[in-house]
Amino acid sequence: VSTQSHGALWIRRFIMPDYGSVEYWNARYREKEGSLFDWLENYESLAPFISQLVDKDARILVIGCGNAQFSEDMYDDGYQTIFNIDISPVVIEQMKARNTKRDKMLWQVMDVRDLDYPSNFFDFVIDKSTMDSILCGEMAFVNVARMTREIQRVLRIGGYYLIISYGHPENRVLHLEMPHLKWSIHQLKLEPSSELFTQDALDAEEQRHFCYLCQKEPGADEVCAKAWYIVESQLLEEDSPEGTADAAVET
């Protein structure tokens with residue numbers, strides 16, 4: 001398990017907004033009421049890829065849905081069993097009001113670290129920068145581990161977890177290879193043109209987005225049950241003031 005540096009924690013706490021905070025998102029969505037915003041990629045850019053992974057009757061979970069048009073466009077394209085969750089009650093009420101005619105789609109206030117769904121329930125989970133946001137909040141590493149634990153739990157064997165992220169592989173894959181997880185991981189690079197499989201190199205590396213596709217493997221739930229206590233305990237220890245101080249000495 002990698003340790004976070006004191007400097008990184010200082011930057012997150014005193015410079016960056018707390019993207020892991022309910023209060024931050026409630027305030028933002030009240031201010032932006034009536035508008036829509038799709039993080040990183042829209043549905044049109046990802047639709048050809050998604051259609052290769054799941055059928056139209058798949059049971060889909062969109063985490064950190066926000067006020068994106070993504071789920072609406074996906075629903076209109078025939079994927080109608082979509083569960084949308086967000087920690088912000090404000091945005092969930094806004095999106096419910098927008099989508100009264102899309103009556104098969106659900107909008108629920110829920111914390112991705114503690115999902116109120118049965119195990120092995122979903123075929124497909126979509127994360128458009130939710131992991132990124134949690135990594136900008138307090139106790140980032142342990143909260144991401146709690147999130148991945150829950151996502152793996154609610155996925156059926158063979159189901160997919162699709163992450164669209166700003167984060168480069170060296171900063172994201174470590175969260176997907178924790179000892180409590182058992183899934184195959186594939187990486188793709190998304191260009192600013194939103195063409196998923198482009199081969200052209202770009203000068204502006206920071207404009208690229210990254211796609212991580214995780215497929216749940218047999219035995220994943222048993223692996224998690226055996227490893228989780230140790231994983232969580234170690235991450236909590238490293239996120240304590242003492243652990244942060246040790247990290248500052250080591251880096």
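Two strands are counted as paired if DSSP finds at least two bridges between them; strands (E, at least two residues) and helices (H or I, at least four) are DSSP runs, numbered from the N terminus. This is a predicted model, in which local features need pLDDT of at least 70 and side-chain atom pairs count only at pLDDT 80 or more, while totals for chains, interfaces and linings use all residues. Residues are numbered from 1 along each chain as its sequence is written, and side-chain values use heavy atoms, with hydrogens and water left out.

The pairing is mixed in an open sheet of 7 strands, ordered β3-β2-β1-β4-β5-β7-β6. β3 and β6 are the edge strands, each pairing on one side only.

Strand β1 (residues 60-63) runs parallel to β2 and is joined to it by 4 bridges; Val 62 has Asn 84 in β2 as its bridge partner. Strand β2 (residues 82-86) also pairs in the parallel sense with strand β3 (residues 106-109), again over 4 bridges, and Phe 83 stands opposite Leu 106 in β3.

Helix α3 (residues 43-51) is capped at its N-terminal end by Asn 42, a side-chain oxygen of which lies 3.4 Å from the backbone nitrogen of Glu 44. Its buried residues (under 20% relative accessible area, with a 1.4 Å probe and protein chains only) are Tyr 43, Ser 45, Leu 46, Ala 47, Phe 49 and Ile 50. These buried residues of α3 pack, with contact meaning heavy atoms within 4.5 Å, against α4 (70-76), β4 (122-128), β5 (155-165), β6 (183-190) and β7 (209-216).

Conventions. Buried means under 20% relative accessible area, exposed over 50%, partly exposed in between (1.4 Å probe, protein chains only). A polar contact is a pair of N or O atoms within 3.5 Å; within protein, one must be able to donate a hydrogen and the other to accept it, and residues adjacent in sequence count only if both atoms are side-chain atoms.
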